[in-house]
Amino acid sequence: MLSTEFLQKFEQGLDPQKPQDSSIPARIVGYGEMSAIFALEADKENVYKRMPLFGDIQGAERYQRMYYEYCDLLEKAGLNLPGHDTRLVAAPGRPVSLYIAQKAQPESNFAHKRIQQPDDAACLKLIGSVVDETSKVWAFNAANSPEVALAIDGQLSNWVLDAGESNKLYYIDTSTPLYCIRGIEQQDPELLLQSAPSFMRWVIRLFFLEGVMTRYYAPRLVFTDLVANLYKEQRPELIEPAIALVNDGMPAGQEPLTKTEVDKYYREDKMIWRVFLGLRRFDRFITTKLLRKRYEFILPGKIKR
């Protein structure tokens, strides 16, 4: 993994609105709500998720400790995680950034890419494996309640097949640790608001934040999101057989998922994220063009949903 000093130099030379102009060769390979993921030419083995969220080094260190604890708990639950490490970068006059390094994976091995193949049986086998891996979290929570509860975002883009022949699935979305210890959420909800439009934060805090914080603990919602993801990936013909796979893996006591629910969820989710991204772009315009300030987050271009 690259040194803190190297990443410090990268951060100092990075313009979030023109990341392609960085003095250190890099390209963006993915986006999160609070992050951008870089492949740096100086390190062919890892990718780097940049999270410019923190007002001071102490807050970043707390998040760093929480990240490692979350990864440890996921592995105890039986999930496979790629090799990972972190660096804290504090550039003068900017938020403190956490860089999360993760072993790079071939793009073609990501689950949302693999299901583009024409072999429906192979696609459903992969979806079934995602359901099985996600279910390990529900089993862990049931066995360790009320001491520990883990959340997980099980959508297809968060899973990748081993590049070898083991067909092992790796879970890669570890950068937003959500977990409870003795019923107390460990994540600071205010951090999740950092990437939201500044003028909308009070609305999100009042009406939506609790739902965002809790949805990834709920098996039916996580599985609904997984199946609805097939619309975004242009594989709607897999939805009904995927629902059957999900219902087979649903924890005891949960109502079976229906296609009507999936369709409703997808329509609402698509609308929410289109509006949210549009508001973030407007916020960026206000910040950079009107207020002449630096906007720290790197936004994606048009997303097909």
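This is a predicted model: local features need pLDDT of at least 70, side-chain atom pairs count only at pLDDT 80 or more; totals for chains, interfaces and linings use all residues.
## Helix α8

Helix α8 covers residues 219-232, and at 1.5 Å a residue its 14 residues should span 20 Å, a figure with which the 20 Å between its end C-alpha atoms agrees. Just after α8, Q234 takes a positive phi of about 65°.

Because 11 of the 14 residues of α8 are buried, that is, under 20% relative accessible area, the helix is largely enclosed by the rest of the structure. The buried positions are P219 and R220, then the run V222, F223, T224, D225, L226, V227, A228, N229 and L230.

## Strand β2 and its burial

Strand β2 is formed by residues 36-40, and since five of the five are buried, the strand is largely enclosed by the rest of the structure. A36, F38 and L40 point one way from β2, whereas I37 and A39 point the other way, and residues in both sets are buried.

Strand β1 (residues 26-31) pairs with β2 in the antiparallel sense over five bridges, and the two form a hairpin with four residues between them. Within this pairing, Y31 stands opposite A36 in β2.

Strand β3 (residues 46-54) also runs antiparallel to β2, to which three bridges join it, and here the hairpin has five residues between its strands. A36 stands opposite R50 in β3, as well as opposite Y31.

Methods:
Residues are numbered from 1 along each chain as its sequence is written. Side-chain values use heavy atoms; hydrogens and water are left out. The expected span of a helix is 1.5 Å times one less than its number of residues. Buried means under 20% relative accessible area, exposed over 50%, partly exposed in between (1.4 Å probe, protein chains only). Two strands pair if DSSP finds at least two bridges between them.
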